[in-house]
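Please look through the following model before reading on.

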Amino acid sequence: MAAVRENVSLLFKLYCLTVMTLVAAAYTVALRYTRTTNTERYFSTTAVCITEVVKLFLSVGLLAKETGSLGRFKTSLSENVFGSPKELMKLSVPSLVYAVQNNMAFLALSNLDAAVYQVTYQLKIPCTALCTVLMLNRTLSKLQWISVFMLCGGVTLVQWKPAQATKVVVEQNPLLGFGAIAIAVLCSGFAGVYFEKVLKSSDTSLWVRNIQMYLSGIVVTLVGVYLSDGAEIKEKGFFYGYTHYVWFVIFLASVGGLYTSVVVKYTDNIMKGFSAAAAIVLSTIASVTLFGLQITLTFTLGTILVCVSIYLYGLPRQDTTSIQQGETASKERIIGTRGEGQPLKVLQNSE
């Protein structure tokens, strides 16, 4: 995996950063807009289901491009997808969790302003950190743990005196919105680390893994559609309330989902940190313009703390320890002469 990262050009990384930032900011604002206008409200469960379908077709197309020929494409599908029910079951776990997360995002943005949602949702970072430690047996540096607590402080400030949007006239329940974010955060942390573990535990194509996950996701979300809104959908129709803005949200969610999987494979934490911080700034500016968001001092301070903590959390640990490599090597030689190898193992696991 490290070799793959070395072959990725800086231009490609900048491209990923730019697209991720724009998609994250646009998705949050667009989704907020579709849930707060006075038009007939669509069923969010159907939007999540259609997003899975779109991502599946995109992944199939990208796999076809990657294989390069129809024969290899058919072989890859038959061997890795249709001929691997065990792998499909394995990927059904993140599918289910992501389905819950996406529905919680719709619920949260129906009751919270886009900027408040964007900042508060960054609690997924400490949750992801905890899942990484527990599931991948990694360790975090002191600076990363400090940034985690700094993030929690920033989110607390954001919620202390929430910014208010004067142009939104629909009924909202902030408590319900924050509860939905809490569930989405837990789902994001677990599903992201689980998918990373599956992706990096074998040489299977990224697009094959995506197809496996999205096939399960379609089944899971269809069940959710009819358990949650089945009666109303039979009465009003599957696409009730859909406008071109809703389709735009689905498009952004689909592209964002694919880029998330690309980022897991090719990029690093520092890029994701800059992307998340930039998306917060952009969505806040958009909320001021579109929804009349009134920025308070505590909200501003909280947003700054969140952005700084994201940056600190993403700082590469290799750079901070490279000065001590000579000293560490000499210590390892001394330890080796005594026949003790455990400290070396600890150093390896912490990278």
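Leu 297, Leu 301, Ile 304 and Val 308 make a nonpolar surface patch of about 370 Å². Patches are made of residues with over 30% relative accessible area and no salt bridge, with nonpolar side chains (Val, Leu, Ile, Met, Phe, Trp, Tyr) joined within 5 Å and like charges within 9 Å. A salt bridge here is a Lys or Arg side-chain nitrogen within 4 Å of a carboxyl oxygen of Asp or Glu. Areas come from the Shrake-Rupley method with a 1.4 Å probe, and for residues only the protein chains shown count as cover.

This is a predicted model, in which local features need pLDDT of at least 70 and side-chain atom pairs pLDDT 80 or more, while totals for chains, interfaces and linings use all residues. Residues are numbered from 1 along each chain as its sequence is written, and side-chain values use heavy atoms, without hydrogens and water.

Two residues can be set side by side (buried: under 20% relative accessible area; exposed: over 50%; partly exposed: in between; 1.4 Å probe, protein chains only).

| Residue | Relative accessible area | Class |
|---|---|---|
| Ser 188 | 13% | buried |
| Val 308 | 36% | partly exposed |

Val 308 belongs to helix H13 (residues 297-314), and Ser 188 to helix H9 (residues 174-200). Helices are DSSP runs of H or I with at least four residues, strands runs of E with at least two, numbered from the N terminus. Leaving out residues up to four places away in sequence, Ser 188 touches Gln 101, Tyr 121 and Lys 124; contact means heavy atoms within 4.5 Å.

Residues 207-227 are 100% helix and 0% strand, with end C-alpha atoms 30 Å apart.
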